[in-house]
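Subject: Structure handover

Hello,

Here is the structure for you to pick up.

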Amino acid sequence: MTLLDQPPPERDHRAERVRIETLPAGAIWRCLCTAHKLAKVSTHFIRGRTMPCRLPDGRCDACTAGLDREWECYMGCWNESRQVSMVLRVTKGAYEQVEDLAAGLLPDKLRGSRWTFSRPGESRRNKVRVEFHGVEQERSIIPAGLDVVGILYRCWGIPRPKVPGMVGHSLGGH
Ligand SMILES: [Zn+2]
């Protein structure tokens with residue numbers, strides 16, 4: 001190796017760059033689900049960010065302090081509209097539409113399912129609309145699944161539980 005012949009730094013692992021994404025107001029995202037199942041979790045809104053309720057993996061200070069809890073879930077997907085892999089936040093209302101549209105794919109046959117998530121209007125609080133477009137039959141074109149549970153813990157900034165057999169068990173895996 002010489003001064004002008006140094007290898008570039010190692011590339012980021014794809015999962016390192018993947019983020020939790022919330023559908024913005026006015027957006028229409030077509031998504032190909034790459035996960036078998038959704039990671040489901042109760043959350044608290046603490047100091048401007050969404051954090052998981054630590055129950056049942058441990059003690060939850062937010063619950064002890066009496067903060068409200070909300071339930072939501074996360075879909076690992078290939079966002080065809082933006083050409084990027086992401087972990088999409090699916091609100092309880094959006095999940096209920098997924099349930100109504102494709103109950104037969106729940107809980108663990110979602111891989112390859114195609115969806116449009118849209119949020120009409122100008123507010124992030126507007127309701128998400130969900131459309132289902134069936135399941136991709138050409139299995140080879142479905143991108144590899146993401147480590148959704150690992151990405152969630154990284155984004156939350158808390159260590160993933162290391163107890164054997166309990167790794168992210170309360171999230172329902174991916
Ligand atoms: Zn809690």
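Helices and strands here are DSSP runs, numbered from the N terminus: a helix (H or I) has at least four residues, a strand (E) at least two. The model is predicted, so please read everything below with that in mind.

Overall layout

On that basis the protein chain has four helices and eight strands. Along the sequence they run α-β-β-β-β-α-β-β-α-β-β-α. The C-alpha atoms fill a box of roughly 60 × 45 × 35 Å along the principal axes. The chain has 174 residues, and 23% of them count as buried. Take the contacts with a separation of 6 or more: 69% of these link residues 24 or more positions apart.

Strand pairing

Strand 6 pairs with two partners that I want to flag. With strand 5 the sense is antiparallel, over eight bridges. W78 has S85 in strand 6 as its bridge partner. These two strands form a hairpin, with four residues between them. Q83 sits in that turn and has a positive phi of about 55°. With strand 1 (residues 20-21), strand 6 pairs in the parallel sense, over two bridges. There, E21 stands opposite L88 of strand 6.

Nonpolar core

The largest nonpolar core holds 30 residues. Which of them touch the most other members? They are C31, Y74, V87, L88 and V148. Several elements give two or more residues to this core: strand 2 (28-33), strand 3 (39-46), strand 5 (70-79), strand 6 (84-91), helix 3 (92-102), strand 7 (113-118) and helix 4 (148-156).

C31 deserves a look of its own. Beyond its neighbours within four places in sequence, C31 is in contact with C77, W78, N79, E80, L88, W115 and F117.

One tryptophan to check

W71 lies in strand 5. Is W71 buried or exposed? W71 is exposed, because 12 other C-beta atoms lie within 10 Å and the cut-off for exposed is 12 or fewer. Setting aside neighbours within four places in sequence, W71 is in contact with S42 and K92. V90 is 19 residues from W71 in sequence, and their C-alpha atoms are 9.6 Å apart.

Over to you.

Best wishes

Notes
Residues numbered from 1 in each chain as written. Predicted model: local features only at pLDDT ≥ 70, side-chain atom pairs only at ≥ 80, totals over all residues. Core = buried A, V, L, I, M, F, W, Y, C linked by C-beta atoms within 7 Å. Buried ≥ 20, exposed ≤ 12 C-beta atoms within 10 Å, placed from the backbone. Contact = placed C-beta atoms within 7 Å. Pairing = 2+ DSSP bridges.
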